[in-house]
Amino acid sequence: MAAKRPPARDEAAMPTETDSLLDTDHAAFLQRGVSISVGACDVSGQPCLARATGCKVSDDMRRVTVFISATQATQVLAGIRANGAIAVVFSEPSTHRTLQLKGRDAAVSGLNGADMLIVERYASAFARELAPLGFEESVIRTLLACPPADLVALSFTPSEAYLQTPGPQAGKPLRAGT
């Protein structure tokens, strides 16, 4: 009997149609006061990055939505509109716990009424996370400041997810329950 080859990295990280890469712990982590960086590539493959101002995870944990300033993220939005590819890194400054999600179906949309509350809660939570590290709330609120009309939502289905906390497990595919 031939040995079964281990799955390639992309195969190992791909969810099935009924599975989510995330579990309730992951979803809670993504939606608290962590640093959120959104990456994309333009049509020539040039990478670009912007800071997000909050996140929500769907009840079934299959869709993730991050909020971003359209003005500050013009290159990111152009890349996503061109190819749907997105990478989002969520990192907790106090512990360096870090998760990375990638998707291929990102879409840009407006916010709904409840989304502004998520953005406001995120700013407060991120300020609380950074306060023990010596950052004043006013500095964090300035960093995240964005007129509500300038905010857009980027929604995607995570097709790959990785633990990126510095250390021996960095780069390990993330699965629900890990």
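His 96 sits in the loop that joins strand E4 (86-91) to strand E5 (98-103). Helices (H or I, at least four residues) and strands (E, at least two) are DSSP runs, numbered from the N terminus. His 96 is not a glycine, yet its phi is positive, at about 70°. His 96 is partly exposed, with a relative accessible area of 49%. Buried means under 20% relative accessible area, exposed over 50%, and partly exposed in between (1.4 Å probe, protein chains only).

The model is predicted: local features need pLDDT of at least 70, side-chain atom pairs count only at pLDDT 80 or more, and totals for chains, interfaces and linings use all residues. Residues are numbered from 1 along each chain as its sequence is written, and side-chain values use heavy atoms, with hydrogens and water left out. The protein chain averages a pLDDT (the predictor's confidence in each residue, from 0 to 100) of 89. Residues 1-17 stay under 50.

Met 61 also has a positive phi, of about 65°, although it is not a glycine. Met 61 belongs to the loop between E2 and E3. Met 61 is buried, with a relative accessible area of 17%.

Helix H4 covers residues 113-130. The buried residues of H4 include Ile 118, Tyr 122 and Phe 126. The helix's buried residues pack against strands E1 (35-41), E2 (47-57), E3 (64-69) and E7 (151-156), and against helix H5 (137-144).

Notes
Contact = heavy atoms within 4.5 Å. Expected span 1.5 Å × (residues − 1).
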